[in-house]
Amino acid sequence: MGLPLAGLHGQTVVDHTDTARITAIATMTDTASYGRAGFSAPSAFSPRQLITPGVLIGAGIAMDLNQGFKNAQLRFQKAHLKDFHTAADNILLYLPAAIPYGLDLLGVPSKTDVLNRTAILIKAEMMLTATGYLLKHTVHEWRPDGSNRYSFPSGHSLQVFATATLLSEEYRERYKWMPYAAYGLATGVGLLRVANNKHYIGDVLVGAGLGILTMKIAYWTHHYSWHKHSRHR
């Protein structure tokens, strides 16, 4: 009776060893696949990545709570930008989200394959929509032009800084200038919202911070299911 049990125990050990080897090989294959494309493996969460969105959100809230700062912005607007109006902020809003698909057509690879990248984008958009709607309908801050009470936070900043983060995540290792271009574009959209008298500066800063944080969360929580399935099937 002892021999069969010993044999069964040995088989269990072999099975566990095989499983460990398979897992190790799969992990090495994933990492090698990113290395061959010139990219590192998907970045994991680190507390340092909370600093930038945290500072933006904190500074924005502080500015929105300072009525003197908001009054100074209104005076500047009346003195220098009274007749200013442009639709460029609406035109440029979704450009960062569209750029990766244009680069796909040109044969320029992104860090993440198109299926997983699209899933990350959709996840982020769902979080952005929910966050923006909840805050706008809870805070009820008047816009500087008095048109409605949905000023906080800036929905344009939420959207454009989130997709600028996607651009930065996907292409910064291949194109070192991409983060500067992406966040430069996003900053321009935010400034245009202020110039159009639709938001206080604090609204834009909070929207920017939440947008960056939301896209980071979408990356941190993604499992890259389709990409792994296609490589190991």
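**Helix packing and aromatic rings**

Reply: Helix α5 (residues 95-105) packs against helix α7 (residues 155-171) at an angle of about 30°, the axes lying 7 Å apart. The model is predicted: local features need pLDDT of at least 70 and side-chain atom pairs pLDDT 80 or more, while totals for chains, interfaces and linings use all residues. Residues are numbered from 1 along each chain as its sequence is written, and side-chain values use heavy atoms, without hydrogens and water.

Me: How are α5 and α7 oriented to each other?

Reply: Angles under 35 degrees count as roughly parallel, and α5 and α7 are therefore roughly parallel. On α5 the contact (heavy atoms within 4.5 Å) involves Pro96, Ala97, Ile99, Pro100 and Leu103; on α7, Val160, Thr163, Ala164, Leu166, Leu167 and Tyr171.

Me: How is a pair of aromatic rings described?

Reply: By the distance of the centres and the angle of the planes. Rings of Phe, Tyr and Trp (its six-membered ring) pair if their centres lie within 6.5 Å; planes under 30 degrees apart are stacked, over 60 edge-to-face, and the rest tilted. The structure holds three aromatic pairs. One of them, Phe45 with Trp220, is edge-to-face, at 4.8 Å centre to centre and 85° between the planes. Phe45 lies in the loop between α1 (2-36) and α2 (51-65), and Trp220 in helix α9 (residues 201-220), 175 residues apart.

Me: Which class does the pair of Tyr175 and Trp177 belong to?

Reply: The centres of Tyr175 and Trp177 are 5.5 Å apart and the planes are at 40°, so the pair is tilted.

Key: Axes are lines fitted to C-alpha atoms, for helices over the stretch in contact, and angles run from 0 to 180 degrees between N-to-C directions. Helices (H or I, at least four residues) and strands (E, at least two) are DSSP runs, numbered from the N terminus. Angles under 35 degrees count as roughly parallel, over 145 as roughly antiparallel, 65 to 115 as roughly perpendicular and the rest as oblique.
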